Amino acid sequence: MKFDIDSLREIGDSLVRNKRRTLLTGFGVFWGLFMLLFMIGGGQGLKGVLSTIFDGFATNTVIIFSETTSKPYKGLPEGRYWDMDRTDVERLERMVPELETVSPSIGRWGDAIEYGNNTFNSSASIKGVMPNYMKIEAPRLKYGRYINQVDIDLERKVCVIGKRIYQSLFPDGGDPCGKFIKVGSVYMQVVGVDFNNGQVSINGSADRSVIIPFSVAAKLYNRGNTVDMICVTGRSGIKMSGLEKHIRSIMARQHMFDETDESAMMYLNTEQIFQIVDNLFRGLNFLVWLVGLGTLLAGCIGVSNIMMVTVKERTIEIGIRRAIGATPRDILSQIIWESISLTVLAGAAGIVFSVLMLNMTEIITQHQAAFQINFGTAILALSLLALLGILAGLAPAFRAMNIKPVDAMRDE
């Protein structure tokens, strides 16, 4: 295509002469690209918000805890409750090699947490865990460290506190490690502060939890050898749903219940929850592109129609240009570049406006996630728009190219 400064001037003059139609048609393209990019950025931001909800939680975790049986088994009646114990942890580690982490847990609710005159008694949870629990619910340590094996072996009365508990007990900030807080009726030394904001957690959210050694919790709360729940994760590439039957069989043989009795043991597979979320966003992305491209296509059809009308109104002008030496290629180039200019200019405005609106959305949501589009997506959308501009200008351009000077003079 021939494209020089004279062609640019002619394109500008043409768009100004038809400014009303240009504005209306350009608005269609502008709105289509804005909707596409805003939905893409909004979808990414929404995914980011959900990611903060699942922050730190292992995506291949299964939570196992005992329930009441619903079937009789070997003379034992239905409606029987059973307890898991520490030997179940060793048994799973030994008999299920596909498991990477097996971590028992003891939970307690309702104890007030105090430091000096400050108290936190708003749904605090106390979790007795092993050091490998951090592979289940990864902490974000602002200060100090996590529970370690020495704490377990020596039954140290130490704890890691959540963000909201830290802010309530230590409103002036600073490192609280080494200080003693009162957990219920027992004083515990703070060894770490967890700033994990994830909302998906076990036995209470991380920001409202006090993490203490498993051995200390068992002794303080008279649990003996029993555990409240066992959290397990699989090795890389292992589907946790494929291990359910084997794990149920192991637990059923040990605790005398029917392995087909799903009510007897809860097997909560979080892997399935994360998979549902991933599928939801795949479907959302497909819908965003489908709606956005449909809107863009409608805008480009409008461009094609307006260029058809423009060519018809400029029949005489085109005929005169042909008469004084303009080649068909010059006419073709002129019309197509007008179409491209209209779509690209409107698209650039749509990109700018969508970025501004996404920035406002990010501010409104207090920067919980990045509601933005990346540079590559913007360039791809603009390139696609330029291609659609070429396609939209082809039919009007061929019509203009076929206008003969004699026919143009006859129309006059």
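## A cavity inside the model

The largest cavity has a lining of 13 residues, and those nearest its centre are Glu137, Tyr146, Asp194, Ala206 and Ile211. Two elements each give two or more residues to this lining: strand 8 (158-162) and strand 11 (209-213). Strand 8 supplies the largest share, with three residues. The space in the largest cavity comes to about 80 Å³, and the count of cavities of 30 Å³ or more is two.

What counts as a cavity here? On a 1 Å grid over the protein atoms alone, it is a set of points where a 1.4 Å probe fits but cannot get out, and a lining residue has an atom within 4 Å of a point. Grid points are joined across faces, edges and corners, and the volume is the space filled by probe spheres set on the points. As for helices and strands, they are DSSP runs numbered from the N terminus, with at least four residues (H or I) for a helix and at least two (E) for a strand.

## What you're looking at

This is a predicted model, in which local features need pLDDT of at least 70 and side-chain atom pairs count only at pLDDT 80 or more, while totals for chains, interfaces and linings use all residues. Residues are numbered from 1 along each chain as its sequence is written, and side-chain values use heavy atoms, with hydrogens and water left out.

## Aromatic rings

Let's turn to the rings. A pair of aromatic rings is described by how far apart the centres are and by the angle of the planes. Rings of Phe, Tyr and Trp (its six-membered ring) pair if their centres lie within 6.5 Å; planes under 30 degrees apart are called stacked, over 60 edge-to-face, and the rest tilted. How many aromatic pairs does the structure hold? There are five.

Why is the pair of Tyr115 and Phe170 called tilted? Their ring centres are 4.6 Å apart and their planes sit at 40 degrees, so the pair falls into the tilted class. Tyr115 lies in strand 4 (residues 113-115), while Phe170 is in the loop between helix 5 (163-169) and strand 9 (180-183), so the pair ties together parts that are 55 residues apart in sequence. Phe170 is buried, with 6% relative accessibility, whereas Tyr115 is partly exposed at 26%. (Buried means under 20% relative accessible area, exposed over 50%, and partly exposed in between, with a 1.4 Å probe and protein chains only.) Tyr115 and Phe170 also belong to one aromatic cluster, along with Tyr143, Tyr166 and Phe195.

## Salt bridges

Side chains of opposite charge can pair when their charged atoms come close. The rule used here asks for a side-chain nitrogen of Lys or Arg within 4 Å of a carboxyl oxygen of Asp or Glu, and the count of salt bridges is eight. One of them joins Asp151 to Arg145, with the closest N and O atoms 2.8 Å apart. Is Asp151 buried or exposed? At 0% relative accessibility, Asp151 is buried, while Arg145 is partly exposed at 29%. Arg145 and Asp151 are also linked with Arg156 in a network of salt bridges.

Another salt bridge pairs Asp111 with Arg108, again with 2.8 Å between the closest N and O atoms. Asp111 is buried at 15% relative accessibility, and Arg108 is partly exposed at 32%. Then there's Arg248 with Glu244, where the closest N and O atoms are 3.1 Å apart. Arg248 and Glu244 are four residues apart in helix 7 (residues 244-255), so about one helical turn separates them. Arg248 is buried at 7%, but Glu244 is partly exposed at 24%.

## A nonpolar patch

Now for the surface. Phe286, Leu287, Leu290 and Val291 make a nonpolar patch of about 400 Å² there. A patch takes residues with over 30% relative accessible area and no salt bridge; nonpolar side chains (Val, Leu, Ile, Met, Phe, Trp, Tyr) are joined within 5 Å, and like charges within 9 Å. The areas come from the Shrake-Rupley method with a 1.4 Å probe, and for residues only the protein chains shown count as cover. Phe286 belongs to helix 8 (residues 270-313) and is exposed, at 59% relative accessibility.

Ile63 sits in strand 1 (residues 61-66) and is buried at 7% relative accessibility. Ile63 and Thr233 are 170 residues apart along the chain, and their C-alpha atoms are separated by 9.0 Å. Glu93, in helix 3 (residues 86-95), is partly exposed at 46%.

Note on methods:
On a 1 Å grid over the protein atoms alone, a cavity is a set of points where a 1.4 Å probe fits but cannot get out, and a pocket is an open set with protein on both sides within 12 Å along at least five of seven lines; lining residues have an atom within 4 Å of a point.
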